[in-house]
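This report walks through one chain, from its overall form to single residues. Please look over the sequence and the model before reading on.

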Amino acid sequence: MTVHRLHLGEPTLALARRQLLAIAQELHTRGWVANHDGNVTLRLAGEHLLATPTALSKRVLTESDLIVLDAKDRVLQGGRKPFSELKLHRAVYAARPDVRAVVHTHAPNATALAVAGVAVEPRMLAESVVSLGAEIPLLPYAFPQSAEQLAQLKTAALAVDALTLGNHGVLAWGDDLEQAFLRAELVEHLAAIQLRALQLGRVTTLPNADLARLLDARKKAGLGPQARNKG
Ligand SMILES: [Zn+2]
């Protein structure tokens, strides 16, 4: 697989900082994080990452708080420290050379389902099947950043672009920050719909024949890791 990665000079890194900050702040505005929760990374050249730092609310984050990490997660720029969940992001990047951005939230509806042991169901709506495929896996609870959890994540990341972590939250990734954010947003939106449908007593999914057609449309649109690996 050919990987096109930007070689970021200063002006482009400045743009990336602005974009990453806007998305990190949006996590707080949406109510998807509390305290110091949530994190966002962007893959730069040479496995370097631009990342939100640990121990700072997304509400008060500024561009100068963002950190640049080298391939060994040493801080190259910025006076703050990396967050502990960085291993989750690195697991996704290791599994998926095409991925350039990862977003992690504790969005309440998706996290409520993850606490209840219920996976978010994309097959409720046609659009979400095209966008995210037929499954948004719920990884079973494992000790945070344990070898077991990272192994599960790497395997799942080969097949999907978003998932939920048991008793934890949402992890989504994409070609860029916007796509990773939109996928995290879609997971939370679906979870809100699913919870309301559960309150009404029933969650129905699309007929199997239609799912096959939608998954075909997804593949033709070049969406999903399977479509990419074939290309
Ligand atoms: Zn978390």
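Helices, here H or I runs of at least four residues, and strands, here E runs of at least two, are DSSP runs numbered from the N terminus. The model is a predicted one.

**The chain as a whole**

The secondary structure of the chain comes to eight helices and eight strands. Its C-alpha atoms fill a box of roughly 50 × 40 × 30 Å along the principal axes. A compact globule with 231 residues would have a radius of gyration near 17 Å, and the chain, with 17 Å, agrees with this. Of the 231 residues, 38% count as buried. Among contacts between residues at least 6 apart in sequence, 64% join residues at least 24 apart.

**The sheet**

The eight strands form an open sheet with mixed pairing, in the order β4-β3-β2-β1-β5-β8-β7-β6. The edge strands are β4 (75–77) and β6, each of which pairs on one side only.

| Strand pair | Bridges | Direction |
|---|---|---|
| β2 (residues 49–51) and β3 (residues 67–69) | three | antiparallel |
| β5 and β8 | five | antiparallel |
| β7 (residues 162–165) and β8 | four | antiparallel |
| β6 (residues 138–139) and β7 | two | parallel |

Leu-50 stands opposite Val-68 in β3. In β8, Trp-173 is the bridge partner of Val-102, and Ala-172 is the bridge partner of Ala-162. Leu-139 stands opposite Leu-165 in β7.

Strands β7 and β8 form a hairpin with three residues between them, and Asn-167 in the turn has a positive phi of about 50°. How enclosed is strand β8? Six of the six residues of β8 are buried, so the strand is largely enclosed by the rest of the structure. In β7, Ala-162 and Thr-164 point one way, while Leu-163 and Leu-165 point the other way, and all are buried.

**Helix α5 and its crossover**

Together, β6, α5 and β7 make a right-handed β-α-β unit. Helix α5 contains Gln-149. Why does Gln-149 count as buried? The cut-off is 20 or more other C-beta atoms within 10 Å; Gln-149 counts as buried because it has 21 C-beta neighbours inside 10 Å. Leaving aside residues up to four places away in sequence, Gln-149 touches Ala-142, Phe-143 and Pro-144. Gln-149 and Leu-139 are 10 residues apart in sequence, and their C-alpha atoms are 8.1 Å apart in space.

**Helix α2**

Seven of the 10 residues of helix α2 (residues 86–95) are buried, so this helix is largely enclosed by the rest of the structure. The buried residues of α2 are Leu-86, Leu-88, His-89, Arg-90, Ala-91, Val-92 and Tyr-93. What covers them includes β1 (39–43), β5 (101–105), α5 (147–157) and β8 (169–174).

**Helix α6**

Helix α6 (residues 177–200) has 24 residues. From its first C-alpha to its last, α6 reaches 35 Å, close to the 34 Å expected at 1.5 Å a residue. Buried residues in α6 include Leu-177, Ala-180, Phe-181, Leu-186, Val-187, Leu-190 and Ala-191. Arg-183, Glu-185, Glu-188 and Gln-194 are also among the buried residues of α6.

**The nonpolar core**

In soluble globular proteins, nonpolar side chains tend to be buried together. In this chain, the largest nonpolar core has 52 residues. Those with the most contacts inside this core are Leu-20, Val-92, Val-103, Ala-162, Ala-172, Ala-180 and Val-187. The largest share of the core, eight residues, comes from α6.

Which residues does Ala-162 touch, not counting residues up to four places away in sequence? They are Leu-132, Ile-136, Leu-171, Ala-172, Arg-183, Ala-184 and Val-187. Of these, Ala-172 is also the bridge partner of Ala-162 in β8, while Arg-183, Ala-184 and Val-187 are among the buried residues of α6.

Key. Residues numbered from 1 in each chain as written. Predicted model: local features only at pLDDT ≥ 70, side-chain atom pairs only at ≥ 80, totals over all residues. Buried ≥ 20, exposed ≤ 12 C-beta atoms within 10 Å, placed from the backbone. Contact = placed C-beta atoms within 7 Å. Expected span 1.5 Å × (residues − 1). Pairing = 2+ DSSP bridges. Right-handed = clockwise from strand over helix to strand, strands pointing away. Core = buried A, V, L, I, M, F, W, Y, C linked by C-beta atoms within 7 Å. Rg over C-alpha atoms; globule rule 2.2 N^0.38 Å.
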